[in-house]
Structure formats: C-alpha cells, structure tokens
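Could you have a look at this one with me? My notes follow as numbered points.

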Amino acid sequence: MRLKVLGRAKLKGDFFVPGDKSISHRALLLGAIAEGETIVGNCLVAEDVLSTAHCLQSLGVRIEGVGTENVKVYGVGGANFSKPDSNLDCGNSGTTMRLLMGLLAAHEFESWLIGDASLQKRPMDRVAIPLQKMGAKIEGRTERFLPPIRMHGAKLKPIEWALPIASAQAKSAILLAGLFVDGTTIVQEPALSRDHTERMLRAFGAKVVVRNLTVAVFGKARLRGTKLVVPNDPSSAAFFLCAAAAMTDAEVTALSISVNPTRIGYLDVLRHMGATVIIHNERTQAGEPVADVTVQGSKLNGVTVAGELIPRTIDELPVLAAIATVAEGTTIIKDAQELRVKESDRIAAIVSELRKLGAQVEELPDGMVIYGNSKLSGAEVESHGDHRIAMALAIAGLLAEGETIVNNANCVAISFPQFPKVLSSLGVEVEMT
Ligand code: S3P
C-alpha cells in the first residue's frame with residue numbers, strides 16, 4: 001500500500017486514537033498469568049497486540065474477543081502455560097518477544113520464539129542475559145541473542161540487575177520473571193523508561209516498590225484478574241500533535257490519551273520548540289493518568305533532545321525530526337543509539353528519507369543534526385517497513401509543497417491502522433493506493 005498526502009494542510013479538530021500499544025500488551029500478558037478473568041476494554045486492535053494474543057493462545061490461554069477492542073482473558077493462575085505445539089510467532093513485535101521471554105523463563109518446557117525479518121535483527125541479549133542469571137536456559141544467534149530464540153525455563157532465583165540501557169521491555173521481562181521467584185527481584189535502570197508494567201502489576205495485586213530508578217518485585221506473587229480500560233495511545237496521537245505544532249494557525253486536541261510522564265517527553269520538546277501545549281481534563285484510568293491534550297501551532301525553534309529525555313521520547317523521535325526540518329535553527333538529537341535497533345535503523349531511515357524531501361540532515365552515531373528552515377517539496381519516500389517511519393514521513397509530507405507518497409505503508413497496521421482516517425478527519429487530503 002502507498003500512502004499519498006497533499007502538503008500544506010492546516011490541521012484542525014479533535015480526534016481519538018486507539019488504545020495504547022504498550023498497555024494493551026501488558027493487559028493481555030498479566031491477565032494470562034493471573035487467577036480468574038481479566039476484562040480489557042479499548043484494547044488496541046493492531047498487528048503487534050494480535051501477535052501477543054496469538055502467542056498466549058498457543059500457550060494454552062483462553063482469550064475471547066481477540067481482534068476486537070473488548071477482550072476477556074481467562075488467566076491460568078501462575079506459571080501454568082502449556083507447552084506450545086508450534087513456534088511462537090511474535091511477528092514484528094519486540095515487546096511481545098521480550099516480555100514473553102520473561103514469562104517463559106519460569107516455564108519448565110522448551111519453546112521457540114520467532115519473528116519477521118525486522119525482529120530477527122533485533123538483539124535479545126538485554127533480556128536473555130539477566131534471565132539466564134535467574135536460571136533459564138536461552139539460546140539465540142550470535143552473542144547478541146538474535147531470534148529465533150530457544151527458551152527452556154527453570155525454577156528461577158532472584159537477581160539484582162543494573163540495566164546498561166534504559167529499556168522498558170528489558171525491565172519488564174525481568175520483573176515478570178521475578179513474579180515467579182521466591183524472594184525479591186530488583187532492577188535498576190540508568191534513566192526512567194515507561195513504567196506501565198510497574199503500575200499494572202499493582203492493579204493485579206502484586207507488590208512492587210519503586211525508589212528513584214530502582215524497582216523491586218516481591219515473589220512469589222499471586223495476581224488477581226481485574227477489569228481495566230486502556231487509555232488512548234500518546235505515541236499514535238504524537239503524529240498529529242507534532243504536525244499541528246509546526247503549522248501556524250493549526251490546533252488539534254487528542255482526546256483521552258495517556259499522559260504518563262514516561263511517555264510524553266515529546267510534549268516537553270514541543271513546548272521548548274515554542275508550541276502551545278495544554279493538558280486538560282486530567283483523570284486516572286487503569287492506574288494511568290489520562291487527559292485531553294491540545295496543541296496550537298506556531299513557528300518553532302530548534303532544540304537539543306538528549307539525556308534523560310531520550311527514553312521518554314524514544315518512539316516520537318522520528319516525527320520530532322520531521323517537524324524540526326521546518327523549525328528556525330538547528331535541532332540536535334543525541335544519546336539515542338537505541339533508535340538503531342528498533343523496527344528499522346530509525347536514524348539511517350529518517351535521515352535518508354527526510355533528505356528526499358529536501359531537508360538538510362546529518363547522521364550521528366547516536367542521533368542526528370537537523371538544520372531547520374528547509375523548504376520541503378513533496379517526494380516519493382520509503383517506510384523501511386517501519387510503522388513509525390511511515391507515519392513520520394507522512395507528517396513531513398504535510399509540511400512540504402505538493403504531494404508526498406510513502407511507499408510500503410502497510411506497516412502502519414502494526415500500531416495504528418486508522419492513521420490515514422484520522423489524518424483525513426483533521427483536514428488532510430489522504431489517499432491509499
Ligand atoms: C516498549 C518499550 C520501548 C518502546 C517500544 C515499546 C514497551 O522499547 O520503544 O515501542 O512497550 O515496553 P525499549 O524498551 O526497547 O526501549
């Protein structure tokens with residue numbers, strides 16, 4: 001599928017995006033190991049979350065409503081998955097693979113985790129090494145533990161682990177394994193990454209203590225099934241909020257998105273760049289802060305995005321780079337080497353594609369320099385098979401003169417199948433061909 005957008009629209013209006021991807025994965029995974037039933041409302045219906053649901057079904061978990069927003073998970077109550085008959089296909093989803101590895105570490109049977117061409121290039125060592133220390137047997141390709149991954153779980157022992165990188169997936173995998181251990185498992189991270197696992201574990205009745213950058217989970221935990229409604233996804237909303245920020249006279253409002261501080265670093269960046277950001281109607285949903293967020297556009301300034309901001313903006317860096325091309329002055333993104341091991345090498349991908357639109361961008365080993373003030377012109381660009389690159393490029397296309405075509409844009413279905421529809425509802429001419 002090719003996504004065609006016509007540039008120079010002014011975004012206007014209120015919009016909804018679907019349920020949060022990270023929270024939807026976790027609701028299914030925790031529901032699966034809880035005692036009793038878990039009812040998940042507003043669950044994201046997109047390929048990544050379907051990968052998690054199908055893997056859990058292969059592990060013997062009964063789930064009703066897969067492929068709809070209302071899902072019921074019949075928990076198996078502890079490390080009670082059954083040995084799967086076939087490989088567990090995680091598709092494109094790093095979250096599925098890494099979090100499942102945490103759960104499978106406590107299951108004393110062999111299983112194989114596989115993924116698509118992109119996932120097969122992504123390192124699992126950040127999860128495999130601590131889980132091996134806890135007692136699981138894990139094999140992957142090369143010392144980076146590239147998938148396919150062979151898991152053979154064991155009776156685990158607790159560990160105290162300092163993560164070398166801020167990664168919510170790695171943190172979560174260790175915490176999930178820690179649920180099945182006699183004793184306390186402690187994870188420390190170098191900067192705060194998204195904390196949905198910690199919040200949701202509490203909602204399921206586990207004891208989790210957080211002090212600064214250290215999280216302790218107390219095993220053996222007994223999770224109780226619960227009922228939760230997933231907040232809307234701030235990373236999906238980011239495409240429209242960032243686009244509006246870069247257009248004078250534009251104004252859009254994202255309704256009911258998670259405003260968990262670990263997820264909305266991009267709103268801080270937009271403010272620094274000079275946009276007006278208003279967070280209103282704040283409330284709590286599923287243990288997460290939720291609000292409506294309005295962004296009013298203006299002429300933006302270049303900024304530096306680095307350090308502790310990086311884990312809080314990680315998935316939004318491609319779209320921030322896209323809008324920085326038209327800001328006044330230079331934007332520097334650094335300390336973001338993690339972008340190289342996402343669904344694509346997002347540094348190389350965004351730099352090469354933004355150049356096709358006429359942007360001046362320089363690649364750094366851990367980020368990029370975006371020289372602002374570019375007059376972008378519509379062009380044909382490539383998604384690199386990466387959903388967030390595809391959507392970030394469509395937003396860059398909105399800032400360009402003329403028509404932009406994003407090739408191989410089917411991948412938006414990984415996290416946000418309704419992306420073209422929402423874009424069109426805000427006043428953009430969009431076509432899928
Ligand atoms: C996610 C964590 C982040 C993020 C990914 C989803 C999660 O990855 O980029 O899209 O749900 O835990 P890392 O943990 O690898 O930083």
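**Notes on the model**

1. A polar contact of 3.0 Å joins the side chains of Glu343 and Arg346. Here a polar contact is a pair of N or O atoms within 3.5 Å; within protein, one must be able to donate a hydrogen and the other to accept it, and residues adjacent in sequence count only if both atoms are side-chain atoms. Please keep in mind that this is a predicted model, where local features need pLDDT of at least 70 and side-chain atom pairs count only at pLDDT 80 or more, while totals for chains, interfaces and linings use all residues. Residues are numbered from 1 along each chain as its sequence is written, and side-chain values use heavy atoms, with hydrogens and water left out.

2. Where does Glu343 sit? Its place is the loop between strand E19 (330–333) and helix H11 (346–356); helices (H or I, at least four residues) and strands (E, at least two) are DSSP runs, numbered from the N terminus. Glu343 counts as buried because its relative accessibility is 11%, buried being under 20% relative accessible area, exposed over 50% and partly exposed in between (1.4 Å probe, protein chains only). Beyond the neighbours within four places in sequence, Glu343 is in contact with Asn92, Ser118, Arg122, Asp386 and His387; contact means heavy atoms within 4.5 Å.

3. Strand E19 belongs to an open sheet of four strands, ordered E18-E19-E21-E20 with mixed pairing. Its edges are strand E18 (304–305) and strand E20 (360–364), each pairing on one side only. Helix H11 packs on this sheet, touching E20 and strand E21 (367–371), and its direction makes about 160° with that of E20. Axes are lines fitted to C-alpha atoms, for helices over the stretch in contact, and angles run from 0 to 180 degrees between N-to-C directions.

4. E18 and E19 run parallel, joined by two bridges; strands pair if DSSP finds at least two bridges between them. Thr304 has Ile332 as its bridge partner in E19.

5. Leu357, in the loop between H11 and E20, is buried because its relative accessibility is 2%. Leaving out neighbours within four places in sequence, its contacts include Lys375, Leu376, Val381 and Thr404.

6. E4 and E5 form a hairpin with six residues between them, and Gly65 in the turn has a positive phi of about 85°.
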